Amino acid sequence: LYSTEETKQVLRLSLTEFSLPKFYLLFGISKVKSAAVIAFRSSYRDRSFSPGSYERETFALTSLETVTEALLEIMEACMRDIPTCKWLDQWTELAQKFAFQYNPSLQPRALVVFGCISKRVSHGQIKQIIRILSKGLESCLKGPDNYNSQVLIEATVIALTKLQPLLNK
């Protein structure tokens, strides 16, 4: 892989930034002193660790937005050095696929990612996101304690906010 000094600098700065404790929270691992502690822990080496032995931290959609934008910056820097690179197109295609497919766990996250990484958007895609927003609002009206609907509404608002500037006037 041929890398310019500018790309190497972006990669170095990003690695340094992601290594800071304040970024652990963005990745959902704020309750550790080192990311490596949680990343490489296994039940074989540390018998006290099991899926039920710690309180699962939530991964906020705003954190996902920040992480996605940081990863996009890294990807775009690398893509400048690879003329035929299709990474962003593939990522966008996958994000779109999951954004428009009902799945309470993945759909909100995919909507945020799709909104953050898209370089163009069609009116049809905006209509689909508005339909998803409408369904989320209907669910909230039926039961205001529906957490999944609230997350879906938040995700659609983030996606629409990111995509709106890409629309034709």
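# Exercises on a predicted helical model

Lys8 pairs with Glu5 in a salt bridge, with 3.8 Å between the closest N and O atoms. The model used in these exercises is predicted.

**Exercise 1. Where do Lys8 and Glu5 lie, and how many residues apart are they?**

Step 1. Take the distance. A salt bridge needs a Lys or Arg side-chain nitrogen within 4 Å of a carboxyl oxygen of Asp or Glu. The N and O atoms of Lys8 and Glu5 are 3.8 Å apart, and the pair forms a salt bridge.

Step 2. Locate the residues. Both sit in helix α1, residues 5-18. They are three residues apart, about one turn of the helix.

Step 3. Lys8 has a relative accessible area of 34% and is partly exposed. Glu5, at 53%, is exposed.

**Exercise 2. Which helices does the salt bridge of Lys162 and Glu69 link?**

Step 1. Start with the pair. Lys162 and Glu69 meet through their side chains in a salt bridge, 2.3 Å from N to O.

Step 2. Place each partner. Lys162 belongs to helix α8 (residues 147-163), and Glu69 to helix α4 (residues 61-79). The two are 93 residues apart, and the pair links distant parts of the chain.

Step 3. Lys162 is partly exposed at 26% relative accessibility. Glu69 is partly exposed at 33%.

Step 4. Widen the view. Glu65 joins Glu69 and Lys162 in a network of salt bridges.

**Exercise 3. Which parts does the pair of Glu76 and Lys119 tie together?**

Step 1. Find the contact. The side chains of Glu76 and Lys119 form a salt bridge of 2.7 Å, N to O.

Step 2. Place the residues. Glu76 is in helix α4, while Lys119 is in the loop between α6 (107-117) and α7 (123-142). The pair therefore ties together parts 43 residues apart in sequence.

Step 3. Glu76 is partly exposed, with 27% relative accessibility. Lys119 is also partly exposed, at 45%.

Step 4. Take the total. The count for the model is five salt bridges.

**Exercise 4. At what angle do α6 and α8 pack, and how far apart are their axes?**

Step 1. Read the geometry. The angle is about 10°, and the axes are 8 Å apart.

Step 2. Classify it. Angles under 35 degrees count as roughly parallel. α6 and α8 are therefore roughly parallel to each other.

Step 3. List the contact. From α6 come Gln107, Pro108, Leu111, Val112, Phe114, Gly115 and Cys116. From α8 come Val151, Leu152, Ala155, Thr156, Ile158, Ala159, Lys162 and Leu163.

Step 4. Sort by type. The contact of α6 with α8 holds eleven nonpolar, three polar and one charged residue.

**Exercise 5. Is Ala159 buried or exposed, and which residues does Ala159 touch?**

Step 1. Locate Ala159. This residue is in helix α8.

Step 2. Apply the cut-off. Buried means under 20% relative accessible area. Ala159 is buried, because its relative accessible area is 0%.

Step 3. Name the neighbours. Leaving aside residues up to four places away in sequence, Ala159 touches Leu111, Gly115 and Ile129.

Step 4. Compare sequence with space. Ala159 and Phe114 are 45 residues apart in sequence, yet 6.9 Å separates their C-alpha atoms.

**Exercise 6. At what angle do the axes of α4 and α5 cross?**

Step 1. Read the geometry. The axes of α4 and helix α5 (residues 87-99) cross at roughly 150° and come within 10 Å.

Step 2. Classify it. Angles over 145 degrees count as roughly antiparallel. α4 and α5 are therefore roughly antiparallel to each other.

Step 3. List the contact. α4 supplies Thr68, Leu71, Leu72, Met75, Glu76, Cys78 and Met79. α5 supplies Trp87, Leu88 and Trp91.

Step 4. Sort by type. The contact of α4 with α5 divides into eight nonpolar residues, one polar and one charged.

**Exercise 7. How many helices and strands are there in the protein?**

Step 1. Count elements. The protein has eight helices and zero strands.

Step 2. Check burial. Of the 169 residues, 33% are buried.

Step 3. Check contacts. Among contacts with a separation of 6 or more, 63% join residues 24 or more positions apart.

Conventions:
Residues are numbered from 1 along each chain as its sequence is written. This is a predicted model: local features need pLDDT of at least 70, side-chain atom pairs count only at pLDDT 80 or more; totals for chains, interfaces and linings use all residues. Side-chain values use heavy atoms; hydrogens and water are left out. Helices (H or I, at least four residues) and strands (E, at least two) are DSSP runs, numbered from the N terminus. Buried means under 20% relative accessible area, exposed over 50%, partly exposed in between (1.4 Å probe, protein chains only). Contact means heavy atoms within 4.5 Å. Axes are lines fitted to C-alpha atoms, for helices over the stretch in contact, and angles run from 0 to 180 degrees between N-to-C directions. Angles under 35 degrees count as roughly parallel, over 145 as roughly antiparallel, 65 to 115 as roughly perpendicular and the rest as oblique. Ala, Val, Leu, Ile, Met, Phe, Trp, Tyr, Cys and Pro count as nonpolar, Asp, Glu, Lys and Arg as charged, and the others, Gly among them, as polar.
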